Amino acid sequence: MIVTGTYKRAVFVGPRQIRFDELPIPEPGPRQALVKVRACALCTWEQRLYSGEEHYYPLAGGHEVSGELVALGSQVYTDARIGDRVMASPLTRCGYCESCRRGLDNICDNARQPFRDSDVPGPAGLAEYILLDDYQLYPAHNGASFEEICLAEPLACVLRSVRQAQVERADNVVIVGAGIMGMLHLTLVKQMGARAIVSEIDPTRAAFAQKMGADAIINPAQEPFAERVKALTNGRGADVVFCAVSVAAAVEQAVAAVAKGGRVMVYASIHPRGTKITIDPNLFHSNEIVLTGTMSQNKEDVLQAVRLISRGLIDLKPFIALTLPFERLEEGLQAALRPGTYRVIMTM
């Protein structure tokens, strides 16, 4: 099937500057798929590009994408049929570098190369159509909403984080930050039978965390974080701490609050880039704690996220703050930048 005509694509060209390009709808190659985008969520990355906090211009943003499959290359093997709902995973993996071959395709050595080779770099999901390589296509249930399917990408990132942290039933888990990524951590660890403590200074977000099932709330601006964690865990400390905020001091506090043999997961990237932390190395020797982090997701994580959504095993609707049509993208980005806002989703 050949789709003809043109489509619109959004490009970040500077702080608070967006250009809309009109392009010919591409024809998929033998190992490619063409998807008509129906929803694209505005991640922190797009928000930082728009605000000017990060400078990668020009860039075609948008990597939390769902849509309708409209064309398939002759050599694509998939269960999806034309017209089916799919999750598009535009983050790339070469499959050949040492990281990919070691099972670390989430940190592929050549992940950004396809973006550099395109006319404008970037995942390009903020558009009316997106062209994918075959491995980037994930069939979803046709009864699931496009708005929830597009959130499979952040959900997959959190699935990887929780898996890497080796959360066990009845663990004491602390989640620092009640933004959407912190709340996705909360949802998953509660499903696993862990006890969840959320640290959040914003009262509205703290109340939302409690509504979403947090067993206890800490306000680190009003009480000593590590002392409060230990008081809530019979003096032992947390088995796992997820740092879902971009604040370096939170990592130092997490290390002070973790139990012997516990894990501290740096989930959020720390800003500004290059920020340093100071930690007593004897804590690693004496208490056998682990300080690590996760980046993005691998194919297994994405598959599991799409299945959770497709089978109704997770409800992502509480995390959708606003949906707007694509032509109101700037309004959507401005809304996403407002404190306390969860995911804003652009619909095509």
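Six strands form an open sheet in the order β10-β9-β8-β11-β12-β13, with parallel pairing; strands count as paired if DSSP finds at least two bridges between them. Because β10 (216–218) and β13 (290–293) stand at the edges with a single partner strand each, one side of each has no neighbour in the sheet. On average, neighbouring strands here are turned by 20° against each other, direction ignored.

This is a predicted model, in which local features need pLDDT of at least 70 and side-chain atom pairs count only at pLDDT 80 or more, while totals for chains, interfaces and linings use all residues. Residues are numbered from 1 along each chain as its sequence is written, and side-chain values use heavy atoms, with hydrogens and water left out.

Helices (H or I, at least four residues) and strands (E, at least two) are DSSP runs, numbered from the N terminus.

| Pair | Sense | Bridges |
|---|---|---|
| β8 and β11 | parallel | four bridges |
| β8 and β9 | parallel | five bridges |

Within these pairs, V176 stands opposite C243 in β11, and I175 faces V198 in β9. From β8 the chain crosses through helix α6 (residues 180–191) to β9, a right-handed β-α-β crossover.

How many residues of β8 are buried? Five of its five are, where buried means under 20% relative accessible area with a 1.4 Å probe, protein chains only. N172, V174 and V176 lie on one side, V173 and I175 on the other.

Helix α8 (residues 225–232) packs on the sheet and touches β8, β9, β10 and β11, contact meaning heavy atoms within 4.5 Å. The direction of α8 makes about 165° with that of β10; axes are lines fitted to C-alpha atoms, for helices over the stretch in contact, and angles run from 0 to 180 degrees between N-to-C directions.

Terms used:
Buried < 20%, exposed > 50% of the residue type's maximum accessible area, 1.4 Å probe, protein only. Right-handed = clockwise from strand over helix to strand, strands pointing away.
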